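Please look over the sequence and structure first.

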Amino acid sequence: MQDRPTAAELLEAIGDLLEKAVLPGTRGPLRHPVRVAGNLCRILEREAELGSELEAREVEILRQLLGPATGDDVRSLTAELDRRLATEDDPEFQARAWRGLLEIVRGKLRIAKPGYDAYDFVAELPG
Amino acid sequence: MSPTPDLAQGLARALSTTWGETAEIEIRDQASAGARRHNVLFDALRGGERIPLVATIIPNPAIQVMDVEVEAASLRLAESQGMPVPHVHGVWQDTSLVGGPFFVSTRIDGETIPRQVLRLVEAHPGLGATLAGQCGGALARLHAADADKAHEGLIRPREDDCVVEQALTGVAALIGELLQPSPSFTLGLRWLERHAPAPPERLSVLHGDFRNGNLIVGDDGLRAVLDWEVGHLGDPMEDAAWLCMRMWRFRNDELEVGGFGQRAQLREGYEAAGGAWRDEAFHWWKVLGTLRWGLGLAGQAKAHIDGSVPNIIMAASGRRVAELEYDLLMLLQPTDGAGR
């Protein structure tokens, strides 16, 4: 076990440095990259906190979709789901995959961009 | 950035030849010096008149997206159709003048940066609706142009009836190049294959990147449409749908048109100017554009990872892919609510 601060705590400190100390004093072409770097620290901070829990849930969703005999590695499960969607024409499976993928993507957004999934698109759908 | 005397001299030589009289040049600002395009804002003093102009310079034609002649031809075609665009004063291929091929167009005042456009709209009640309607009218006038009059160098489908097929082939190829599979994108492609819309009556000249960010907006509304380098022939609904994708709304998600207006206002403007709005095709192109943008972000991350464009902005794009996966899935959601 590494000593404190944890990865999340260190990333928070680096993010604070970039956003609160470096960014205000930065002008010109580096300003945007510094802002992006600060935001990446926030993403990694959330990943350090939530990543394993969300990935375990992702594996569970993928195994429910693909069947329990498909292993427990998130990469190979994702590749298998992708292969089945690309090669099979099964509307029922696609509908189940849609629901599972939406939950997986919402999980990714909890790390990459919290709150992005608040908008539901309903008003702009056809019919 | 201080203006270089060579640049002013080159512009003076170019314009003096075209106008048949001496023009004195005052460089105002060298805005947005990207790798592919370089915009120089300047004034030309001709007789007693001060003419505000912009030179769009391609510093390295080897990596240009479109030849300046083709881009200028699209601008001129759009102007002749009554679409608000900067007037083109001349096009030069002679690289000895300013260091690359370039064209000079009228400089038009107004906001172009999306958040500033939205701030302007918020400060002027009714402006958003006006702007959305004007965008519809401007697009319809462009789309009404005779495609045969477009520059022969403008990108076009191999055959008139294969726009959808080529778009699908394009995204399928990009999906094949992903560093890691995205089942959401694959599901999106399958949906697109199953829901191909009926083709338009005829192909139109498209702007190709008609969105908040490429519009000059004042308190009177739309003043000009910029950046024609990805223009092509295609389904007119592609242009309308691109303007309505979520990423151009800049958090104003409820305002589908660029974060400033409603689709009904855009459509009304489009139809009032003689355009034929097709809902089914509009939605299909919105799904396609969303998928394309997601694949583009994944491609940027790949360019960072494989070392071809090592850059933190490109790297960060990889963590934006989930946004587009979400948008795509939500655009495909069952409308009976069963899947939600």
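**Charged pairs and the contact between chains**

Glu325(B) counts as buried, at 4% relative accessibility (buried means under 20% relative accessible area, exposed over 50%, partly exposed in between, with a 1.4 Å probe and protein chains only). The model is predicted: local features need pLDDT of at least 70, side-chain atom pairs count only at pLDDT 80 or more, and totals for chains, interfaces and linings use all residues, while side-chain values use heavy atoms, with hydrogens and water left out. Residues are numbered from 1 along each chain as its sequence is written, and chains are lettered from A and ligands numbered from 1 in the order in which they are written.

**Salt bridges**

- Over all chains, the whole structure holds 39 salt bridges (a side-chain nitrogen of Lys or Arg within 4 Å of a carboxyl oxygen of Asp or Glu).
- Six salt bridges are counted between chain A and chain B.
- Glu325(B) forms a salt bridge with Lys108(A) at 2.6 Å, N to O.
- Glu325(B) is in helix α12 (residues 321–331) of chain B and Lys108(A) in helix α4 of chain A, so this pair joins two chains (helices are DSSP runs of H or I, at least four residues, and strands are runs of E, at least two, numbered from the N terminus).
- Lys108(A) is partly exposed, with a relative accessible area of 34%.
- Lys286(B) and Glu124(A) also meet in a salt bridge, 2.6 Å from N to O, and both residues are buried.
- A network of salt bridges links Glu124(A) and Lys286(B) with other residues, including Arg249(B) and Asp279(B).
- Within chain A, Lys20(A) and Asp16(A) form a salt bridge at 3.4 Å, N to O; both lie in helix α1 (residues 7–22), four residues apart, about one turn of the helix.

**The contact between chains**

- Chain A gives 38 residues to the contact and chain B gives 35 residues (contact means heavy atoms within 4.5 Å).
- The two chains bury about 3,500 Å² between them, 65% of it on carbon and sulfur atoms (buried area is the accessible area, with a 1.4 Å probe, that two parts lose on being put together, summed over both).

**Cysteines**

- There are zero disulfides over all chains (a disulfide is a pair of cysteine sulfur atoms within 2.5 Å).
- For Cys135(B), the nearest cysteine sulfur is that of Cys244(B), 9.2 Å away.
- Cys135(B) is buried, with a relative accessible area of 0%, and Cys162(B) is buried at 7%.
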